[in-house]
Amino acid sequence: MTPLTRPYNFAAGPATLPQAVLEQAAAELLDWQGRGVSVMEMSHRSEAFEGILADCEARLRRVLAVPSDFAVLFMQGGAQAQNALVPLNLARARPVAVAVTGLWSAKSLAEAARYTNACACADTRPACTQWPSPAGWALPAGAAYVQICANETVHGVEAPLHAWPDLAALGSDAALVVDASSNILTHSVPWPRVGLLYACAQKNLGIAGLTLVFVRRSLLGQAAPACPTVFNYTDAAANRSMTNTPPTYAIYLAGLTLAWLEREGGLAQMAERAQARSSTVYAAIDTSGGFYRSAVEPGARSRINVPFTLATPELTTRFLDAATAAGLLNLKGHKAVGGVRASLYNAMPLAGAQALVAHMQQFARSHG
Ligand code: PMP
């Protein structure tokens, strides 16, 4: 194995990929397994690509323990398209509710409201620094679904797994919809509570262009007539995601990423690593004597995206410039919140988090 000589890339997505995945993709770029063509050049209807798609789905089902009564859909349009496609496919003119806990769930609410009667069942704005207890949510009667964002990539708020709402226990027969774009494959999924879960691929599952949708089959068959055919979940499930040309190369890279994840020890190992990486960085924040600050309540701190601030914008800029010079890339916070954000996806080694901490400590010493 080649030693890691590349800088550490803390981008929020598209994000760092396992080096082994990039090397395999490079080795297979011109000629996939002796076929004489690249995966990019294959028909999506070819036997070879059918095999790649089937392998990717089988790995997803195995790694995430997806129950057989869920369809796995390989879609396009990115995670934001789902903000429209979920109501178009599931709402059937019923009300829906979104727990607004940050920028991404706020977008989900605003988009759903274009298609149906949508309300916030919880709203932590403007601070967005906590995970509101589902017991206090205002669930509308007759709701088709209730949506959460499992990990707010911008605000760094992650729903603790035990706090994913059990809607049936809360007296609602709405389906739980989960945007897991930034923490899919970093812990197990409590499927009995879930109706639909989606995630874009460009953080933990490869590259942009692919969005995974896991949908309980009993929720199919209710799409609004206005739902575009290529975004109809029922059609996608019936056509095995081949209603039109799927994002073939992104699916291939998702398969390579999943194979890497399985070689590395699977989901339990990924959960352990996420905990180890993030607690390393939070410890550096908490022991900095206020030089670095995290606004998020400890129980809701994301294991994946760690935003933090320094005292002034000037100091932040100096921190980021010095980080880049030290080979720690793309640490700038989202423009909506500023500051610094370290995105620590599965492909980020613990050594990357440790290198960031070393930089934080050295910078605080020289600027404190
Ligand atoms: N939801 C979450 C939680 C995200 O982090 C992102 C992207 N950062 C999106 C939705 C939107 O993804 P896309 O750009 O693929 O539409």
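Strand S2 (70–75) and strand S10 (residues 211–216) pair in the antiparallel sense over six bridges, where strands are DSSP runs (E) of at least two residues and helices are runs (H or I) of at least four residues, numbered from the N terminus, and where two strands count as paired if DSSP finds at least two bridges between them. Within this pairing, Leu 73 has Val 213 of S10 as its bridge partner. The model is a predicted one, in which local features need pLDDT of at least 70 and side-chain atom pairs count only at pLDDT 80 or more, whereas totals for chains, interfaces and linings use all residues. Residues are numbered from 1 along each chain as its sequence is written, and side-chain values use heavy atoms, with hydrogens and water left out.

The S2 and S10 strands belong to an open sheet of seven strands with mixed pairing, ordered S2-S10-S9-S8-S5-S3-S4. Its edges are formed by S2 and by strand S4 (118–123), each of which pairs on one side only, and the twist from one strand to the next averages 20°. Helix H2 (residues 47–64) lies across S2 and S10 and runs at about 130° to S2, while helix H4 (residues 103–112) lies across strand S3 (96–100), S4, S5, S8 and S9, at about 160° to S3; these angles run from 0 to 180 degrees between N-to-C directions, with axes fitted as lines to C-alpha atoms, for helices over the stretch in contact.

Within the sheet, S8 (residues 175–179) is largely enclosed by the rest of the structure, because five of its five residues are buried, that is, under 20% relative accessible area with a 1.4 Å probe and protein chains only. Both faces are covered, with Ala 175, Val 177 and Asp 179 buried on one side and Leu 176 and Val 178 on the other. S8 pairs in the parallel sense with strand S5 (residues 145–149) over five bridges, Leu 176 being the partner of Val 146, and three bridges join S8 to the parallel strand S9 (residues 196–200), in which Tyr 198 is the partner of Asp 179.

Tyr 292, in the loop between helix H7 (266–286) and strand S11 (305–308), is buried at 3% relative accessibility. Its contacts (heavy atoms within 4.5 Å), not counting residues up to four places away in sequence, include Phe 319, Met 360 and Phe 363, and its side chain reaches the backbone oxygen of Met 360 at 2.6 Å. His 359 of helix H9 (residues 350–367) is likewise buried, with a relative accessible area of 7%, and on the corresponding sequence criterion touches Phe 319, Ala 322, Ala 323 and Leu 328.

How values were computed. Buried < 20%, exposed > 50% of the residue type's maximum accessible area, 1.4 Å probe, protein only. Polar contact = N/O pair within 3.5 Å; in protein donor to acceptor, adjacent residues only side chain to side chain.
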